[in-house]
Amino acid sequence: MKNLLQPISNKLYGKVAIVTGGASGIGEVTARHFINHGARAVVIADVQDEKGQHVAASLGSQRCPYIHCDITDENHVKSLVESTVSMYGQLDIMFSNAGIATPGDQTIIDMDMSGSDKLFAINARGVAALSDFEARSAWAREVGEFTAGCRRDPLEQRVAGDGGDAVVVRVAGS
Ligand SMILES: NC(=O)c1ccc[n+]([C@@H]2O[C@H](COP(=O)([O-])OP(=O)(O)OC[C@H]3O[C@@H](n4cnc5c(N)ncnc54)[C@H](O)[C@@H]3O)[C@@H](O)[C@H]2O)c1
């Protein structure tokens, strides 16, 4: 059987990543890819503790720890970013993958608004919180480069332009 812990390339050599929703599906496969491409560490963040711990253990907990993180809770997100930087001294990649899907059979006349609230809390607000804390952390470590309509200090400004330009965080060396 192929040894998954043996890097197949060094494209991500030395990089530290967080993969949210890394306990299953696309996130789990991505975490494995990142390790196989030589990442120094991949932090699995999810709410499915048992599955997340299993994925982490299968990749080696030293390089791949599991952290419980509900991305709808800003304290969890803050702690995820801070503990990653504290463990490894860097954070290069945020694979913001945690999310849920809408029930496929929902129509406009029978909208489940509480379901929609949950969807937006995870897929929109949660993802925004991850970007925000990652950008703050990169800014504090002076490793981020903020582009696409941002003024230089991302903490003082929000989004330039009436329509709301995207904020792109490019990490030094990437
Ligand atoms: N698979 C597809 O065809 C498809 C299509 C479009 C979009 N997506 C999106 O891609 C992402 C991954 O999809 P997947 O098929 O691997 O789904 P999945 O359900 O297997 O994985 C999603 C992961 O996110 C985690 N998660 C859910 N809510 C969370 C929260 N609040 N905090 C932290 N983790 C949370 C889940 O526990 C799960 O491990 C999802 O955001 C999904 O909506 C998938």
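Predicted model: local features only at pLDDT ≥ 70, side-chain atom pairs only at ≥ 80, totals over all residues.

Residues are numbered from 1 along each chain as its sequence is written.

**Exercise 1. Find how many helices and strands the protein has, and read their order.**

Step 1: Helices (H or I, at least four residues) and strands (E, at least two) are DSSP runs, numbered from the N terminus.
Step 2: Counting them gives four helices and six strands.
Step 3: Along the sequence, they follow the pattern β-α-β-α-β-α-β-α-β-β.

**Exercise 2. Explore the largest nonpolar core: which residues have the most contacts inside it?**

Step 1: A residue is buried if 20 or more other C-beta atoms, placed from the backbone, lie within 10 Å of its own. Of the 174 residues in the protein, 29% are buried.
Step 2: A nonpolar core joins buried Ala, Val, Leu, Ile, Met, Phe, Trp, Tyr and Cys residues through C-beta atoms within 7 Å.
Step 3: The largest such core has 32 residues, and I18, A31, V42 and I44 have the most contacts inside it.
Step 4: Its largest share, five residues, comes from β2.
Step 5: Now zoom in on A31. Leaving out residues up to four places away in sequence, A31 touches V19, G22, V42, I44, V55, L59 and C64 (contact means C-beta atoms, placed from the backbone, within 7 Å).

**Exercise 3. Describe how α3 and α4 pack: at what angle, and how far apart are their axes?**

Step 1: Two packed helices are described by the angle between their axes and the distance between the axes.
Step 2: Axes are lines fitted to C-alpha atoms over the stretch in contact, and angles run from 0 to 180 degrees between N-to-C directions.
Step 3: For α3 and α4 the angle is about 35°, with the axes 9 Å apart.
Step 4: On the α3 side, E74, V77, K78, V81 and V85 make the contact, while α4 brings A129, L130, F133, E134 and S137.

**Exercise 4. Look around the ligand: which residues come nearest?**

Step 1: A residue is near a molecule if its C-beta atom, placed from the backbone, lies within 6 Å of it.
Step 2: Of the 21 residues around the ligand, G21, G25, I26, A98 and G99 come nearest.
Step 3: The largest share of this shell, three residues, comes from α1.

Notes:
Buried ≥ 20, exposed ≤ 12 C-beta atoms within 10 Å, placed from the backbone. Contact = placed C-beta atoms within 7 Å.
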